Amino acid sequence: MKITNDRMRDALCAEYVLGTLRGPARRRFMRLLQHDVGLRQRVAFWEETLVSFARGTAPVSPSPQSWAAISRRLGLAEPRTQSRFRPIGPLRYWLAAVAVVLAVGLSMLSPLRERFMFEPDVRVAITDDARQALWIIEADRNRNRLRVRTLRDIPVAQDKSLELWLLLADGSAPVSLGLMPQTQGAELELQPRADLRAGNGFAVSLEPRGGSPTGRATGPILHVQTFGQTT
Amino acid sequence: MHGFHRFSPVLDNERLASLLARVALRDQRAFRELYDQTAAHLLGVALRIVGTRSLAEEALQDAFVQFWNHASSFNPARARASTWMISIVRYRCLDLLRKSENDLPLDEVAESALPVVEPFSGAHREPRLDPCLDELTAQQRACISMAYVEGRSHQEISRHTGTPLGTVKSWIRRGLQQLRECLER
């Protein structure tokens, strides 16, 4: 299907969004859409225009099974709102105390050079839309250390910063790892408070200068890169 | 804390955009809140298109799986969150309708059902649609609405209204063309 005429193109976009473009023509159009930015802009125009027709639609409450099905399909954890309010048993206090003592003891015993060792077991590239690498992030999860290398200059507005987040494998809210360097060649080493072993990905979001004021990502997510639990 | 069937009749796009940002970060609580805020509205949209409750809930579930998997591709600078979500639901509904009509394997159509998010002028402004809708004839408006809201094909609209197929097609085509010309003036 060759679409050269602008008016013809726009009519196709409109009928695609409307849903009256059907059958093989719809499938062909969807294939074209993947490679034609101009076509996608027209489709976006029509999506935003015609959505007004949905305004008058009456809401219908979904059955409780709907949420259950979604969370089953995505393998989501059960909501943990209850456990937040459950009192912590005395045994847990003791275990925590023992863990702290052990951790402090081990850190004093470990040789000095250990502090400078970095043996990454995770290495991911954060890329832009054109798949050009912007940063390389390496993590040594045994030592809970992180190294970020900046491959290109990454300009953002004066009043913005780029913040790095650790996505947690158990689905709880991501934790901030710090702000991303933005000049080519810049390197950053971090020893985050969060346990890197609990993570399964990194994300970079655009935040007010200095980072999210709330501890949660507030701006658009610019990049997401997941990694396996074991590498 | 979360009412099961809570919904807001007017979707707050800034709130939804920030929830989607957190969903992209795999925040399950944000995902649940997104569901609480939008599911009833989206199910209403789906039900009008597919006609049966079970198919509508299937479309809703498919859509939420896509929200979870593709939240990072949503960019609030390029589209409104409600438009993005409603578009996903509608495309999914159209796919399900096609599947139930033709028994196509769903895998074939599943991947393309994401709305596009491209910058275009006026993405964030409320479209000045109402005066433009007033410029359409009643038939044009009705046909476009039947197609958009109820997911009807040209043929179905023709049967439903007792109007020749060619006439229906030209009402829709000219109606859309007029809409565009009016909005871009």
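Hi everyone, thanks for coming. Please keep in mind throughout that we're looking at a prediction.

Let's begin with the layout of chain A. Chain A has six helices and eight strands. If you take the contacts in chain A with a separation of 6 or more, 57% of them are between residues 24 or more positions apart.

Now to helix α1 of chain A, residues 6-18. At the start of α1(A), N5(A) reaches in with a side-chain oxygen, which comes to within 2.7 Å of the backbone nitrogen of R7(A). At the other end, G19(A) sits just after the helix and takes a positive phi of about 100 degrees. As for burial, the buried residues in α1(A) include R9(A), D10(A), E15(A) and Y16(A), along with L12(A), C13(A) and A14(A). V17(A) and L18(A) are buried too.

Moving on to the strands, have a look at β4(A), residues 160-168, and β5(A), residues 175-179. How many bridges join them? There are four, and the two strands run antiparallel. If you want one to find on screen, L164(A) has G178(A) in β5(A) as its bridge partner. Six residues lie between the strands in this hairpin, and G171(A) takes a positive phi near 85 degrees there.

S66(A) belongs to helix α4 of chain A, residues 64-73. Is S66(A) buried or exposed? Its relative accessibility is 0%, so S66(A) counts as buried. What does the side chain of S66(A) reach in chain B? One polar contact goes to the side chain of E57(B), at 2.6 Å, and another goes to the side chain of Q61(B), at 3.1 Å. Setting aside residues up to four places away in sequence, S66(A) touches E57(B) and Q61(B), and also Y35(B) and L60(B).

On to the aromatics. The count is 13 aromatic pairs over all chains. One of them is F45(A) with W46(A), an edge-to-face pair with 5.2 Å between centres and 85 degrees between the planes. Both F45(A) and W46(A) are buried. Another is F67(B) with W84(B), which is tilted: 5.8 Å centre to centre, with the planes at 35 degrees. That pair links distant parts of the chain, with F67(B) in helix α3 of chain B (residues 53-70) and W84(B) in helix α4 of chain B (residues 81-102), 17 residues apart. F67(B) and W84(B) are both buried.

Those two rings also belong to a cluster linked by ring pairs. Alongside F67(B) and W84(B), the cluster takes in F31(B), Y35(B), F64(B), W68(B) and F74(B), plus W67(A) from chain A. W67(A) has a charge over its ring as well: the charged end of R32(B) sits there, 4.7 Å from the ring centre. Within chain B, R90(B) lies over the face of Y148(B), 3.7 Å from the ring centre.

Two last stops, both in chain B. V89(B) lies in helix α4 of chain B, and with a relative accessible area of 0%, V89(B) is buried. Which residues is V89(B) in contact with, leaving aside neighbours within four places in sequence? They are L42(B), A46(B), A63(B) and F67(B). V89(B) and F64(B) are 25 residues apart in sequence, with 8.6 Å between their C-alpha atoms.

And finally L16(B), in helix α1 of chain B, residues 13-24. L16(B) has 1% relative accessibility, so it counts as buried. L16(B) and S82(B) are 66 residues apart in sequence, while their C-alpha atoms are 7.4 Å apart in space.

Technical notes. Residues are numbered from 1 along each chain as its sequence is written. Chains are lettered from A and ligands numbered from 1 in the order in which they are written. This is a predicted model: local features need pLDDT of at least 70, side-chain atom pairs count only at pLDDT 80 or more; totals for chains, interfaces and linings use all residues. Side-chain values use heavy atoms; hydrogens and water are left out. Two strands pair if DSSP finds at least two bridges between them. Rings of Phe, Tyr and Trp (its six-membered ring) pair if their centres lie within 6.5 Å; planes under 30 degrees apart count as stacked, over 60 as edge-to-face and the rest as tilted. Buried means under 20% relative accessible area, exposed over 50%, partly exposed in between (1.4 Å probe, protein chains only). A charge sits over a ring if NZ of Lys or CZ of Arg is within 6 Å of the ring centre and within 35 degrees of the ring normal. A polar contact is a pair of N or O atoms within 3.5 Å; within protein, one must be able to donate a hydrogen and the other to accept it, and residues adjacent in sequence count only if both atoms are side-chain atoms. Contact means heavy atoms within 4.5 Å. The expected span of a helix is 1.5 Å times one less than its number of residues.
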